Amino acid sequence: MGGRPGSHADGRALDRNQRLMPDERGMPAEGRIGVLLIISTVAALGLALVYIGGGQPQAEGALLGISLGGIGVALILWARGLSTEGTVTAERGPLGGDPDDEEVVEERIEEVTDEPGRRSVLKLFWAAGGALALSAVFPIRSLGPAPGQSLLETAWRPGARLVDDNGRPVRVDTLPVGGTLTAFPQDAEHAADSQVVLVRVQEHLLQARPGRDNWTPQGNVAYSKICPHVGCPVGLYQADTHELLCPCHQSTFDVLDGARPRFGPATRSLPQLPLSVDREGFLVAQADFDEPVGPAFWNRG
Amino acid sequence: MTRRLLRWVDERLGASHFSRKAIDKIFPDHWSFMVGEIAMYCLVILIVTGVYLTFFFVPASEEVVYHGPYKALEGTRMSAAYASTLDISFEVRSGLVMRQMHHWSALIFMAALVVHMCRVFFTGAFRRPREINWVVGVTLFILSMMNGFFGYSLVDDLLSGTGVRVGYSIALSIPIAGEWLAFLFFGGEFPNTEFITRFYVLHVLLLPALIVGLLGAHLAILWRQKHTQFKGPGRTEDNIEGSRLWPSYAAKSVGLFFIVTAVVAALGGLAQINPVWLYGPYDPTQASAATAGSQPDWYVGWLDGALRIMPGWEIRAWGHTIANPFFPGALLPGVTFGVLYAWPFLERRFTKDREAHNLLDRPRDAPVRTALGMATLSFYTILFIAGGNDVLASLFKVAPEAITNLFRILIFVAPAVTFFVTRSACRSLARDKVHPFGGSVGSRVRRTPSGGYEEIDEHDPAPEVGAIRADLVTEAYRPPPQS
């Protein structure tokens, strides 16, 4: 036996100097194990009663824990007394390394390909297997539609009214200055890729980009609500700084400057929806976005 | 009775010869070898509670209107998946405890895997002949991480839906194949009605089958190769020291199973986890939290942190884009797991050590490996903490920008500092031969034949033949056994 902790002949633990640990606090191990197992039994029966009585999550967890824990601790106490020999040592024995075995196996494998005739048959097996594997790949195509145009366009069409999430059309003066709401194209309220965040700001603060001068009637400006980073809804508007914030990864966008990203991992501005007002005073889209919305991808350009 | 049963089995299966060898198999007694067992027992709990949950969970995205005991969501439209999770939590008797045990067990499972992998790494247990088992172990870790993500995504609450959204966008960002990969894997543009059913099959069938199968291989290889052991008097590369499987090790291990399950049960009953009824159903127009606090389960936190601190850069050329999330979301885990897989072979290349090792290094014995490992851990720890930059910002009342910029610096500084501190700590520990947490244990002396005293080197692996061994000296002072 080495100089490490082990077990004494009567099963009690020994410390590193092979002295008996002072763990006999008056009660023999069998007594303590007995008490634990009785507690465990009572808790298990209590668990059954709790279930029959209608169930109660806290009581169920606590009683199950006590019941299992009692058995667990009892087993470990018991284990200390089970072995009389303590630490033992054995040889590992070799792990492989017999050249005869290797040679025989090698010969037996290679005898299949020794003859030229067999080799060409084997090649045909490989070809057939390869062709089968290739055609087995095709059903993967059924798992989803082709990306096609779906990432490039949304449900916005020229003249489509903006409606809120209850389907009510939004007027040019629905929002007060500093106000914001989430809008959808009328008749496509569930098109998640078409959602926009509509913000109303003082018109003279807006720095319109070239060609976007008439996109913001009376200070109403609409941006795609899908973050160009990984697609969370850019839902937080801070009216004092005119910033939209994405709550997932903290990208911020400048509403006055074409929703240019100010900070965070987002690399692109939020696409802007060109707005105008129809004859009845409702906000409508002039056209679809002029770029893809949402997270970037290989063919986004 | 036992004998008759054994005879019956042996005549049919010839199992007695194997059993005889098996019950004498030796397992080392070091505490750090328990961590892998904790992971294995968590897997057992996951399977048992998971099977129970499948009886009640409805893996479907069809819209239903909620009518049930949770009045805050009365009349709300939601997916059948989310509604059935509410039923498990509020109506199925013992359902909530099972669900919470399942989730707690998953968190502890992943933690145990990480600690177990650290144990194997820092003691050099992955070295020849155990490279295959390291590769199997890394695969188990990846599969388990994926299965955890699929599992909490099934619920289709606002938080998990946000996570799926992020996963879809990362798939989309992969160069060349990303659009097809995302559409084929998720069943079309996100959000859609396909992914819950797919995640369900992956979560309850495909990945568990792979995990259980690979765990079987992991244990079979371990059984064949036998455990490693720490250096110590009498221990060599060719022997193994410990206690036998039967009865003491088996009783201890089964006891550990009961204790792990007890802890998970107590947590599952007493500590609320993932209260999905508070988050509400997934709605693509809403983020999971109006303010701070949209974090994934802990083992995915490093990826979320990487997404957060990545500067707003991406590559655009020739009409194509390599999108920003690709670098933290796909390239980083690719490199992470690639290096983990390759580590045994990389280390062999650099150290030129091609020997088989059954004796473990203590971490200080390999200062560079230990320092690299600690630096790597600090890197992922910083990423993990950065995943809570919004929480930290509101906690310390500072701008999220300041916190994020701090992490962008720390991600380089912390691993570098950790590397040099760890390496010098290892070197000085190796000189002093003091256990870092054990304090001074004094020293042992022995009397020499000439009457003087000399100090005994505690870490001398093999006392020379004929020398008086320290343990034999103390043997003489052992008190008589009490009856």
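Which residue is the bridge partner of Asp254(A) in strand 9 of chain A? The bridge partner is Arg260(A).

## Basis of the model

This is a predicted model, in which local features need pLDDT of at least 70 and side-chain atom pairs count only at pLDDT 80 or more, while totals for chains, interfaces and linings use all residues. Residues are numbered from 1 along each chain as its sequence is written, and chains are lettered from A and ligands numbered from 1 in the order in which they are written.

## The sheet and hairpin of chain A

Chain A holds an open sheet of 4 strands in the order 6-7-8-9, with antiparallel pairing. Strands are DSSP runs (E, at least two residues), and helices are likewise DSSP runs (H or I, at least four residues), numbered from the N terminus. Two strands pair if DSSP finds at least two bridges between them. Strand 6 (236-238) and strand 9 of chain A stand at the edges; each has a single partner strand, so one side of each is left without a neighbour in the sheet. From one strand to the next, the twist averages 35 degrees.

Strand 8 (residues 252-254) and strand 9 (residues 260-263) of chain A run antiparallel and are joined by 3 bridges. Besides the pair of Asp254(A) and Arg260(A), Thr252(A) has Phe263(A) as its bridge partner. These two strands form a hairpin with 5 residues between them, and Gly258(A) in the turn has a positive phi of about 65 degrees.

## The helix pair of chain A

The axes of helix 1 (residues 29-52) and helix 2 (residues 57-82) of chain A come within 8 Å and cross at roughly 160 degrees. Helix 1 of chain A is therefore roughly antiparallel to helix 2 of chain A, a term for angles over 145 degrees. Axes here are lines fitted to C-alpha atoms, for helices over the stretch in contact, and angles run from 0 to 180 degrees between N-to-C directions.

## The contact between chains A and B

In total, 74 residues of chain A are in contact with 85 residues of chain B; contact requires that the C-beta atoms of two residues, placed from the backbone, lie within 7 Å. Helix 2, strand 1 (88-91) and strand 9 of chain A each supply at least two residues of the side of chain A that touches chain B. The largest share of that side, 17 residues, comes from helix 2 of chain A.

Strand 1 of chain A also pairs with strand 5 (residues 239-244) of chain B, in the antiparallel sense over 4 bridges. Within this pairing, Val88(A) has Gly242(B) as its bridge partner.

Note on methods:
Angles under 35 degrees count as roughly parallel, over 145 as roughly antiparallel, 65 to 115 as roughly perpendicular and the rest as oblique.
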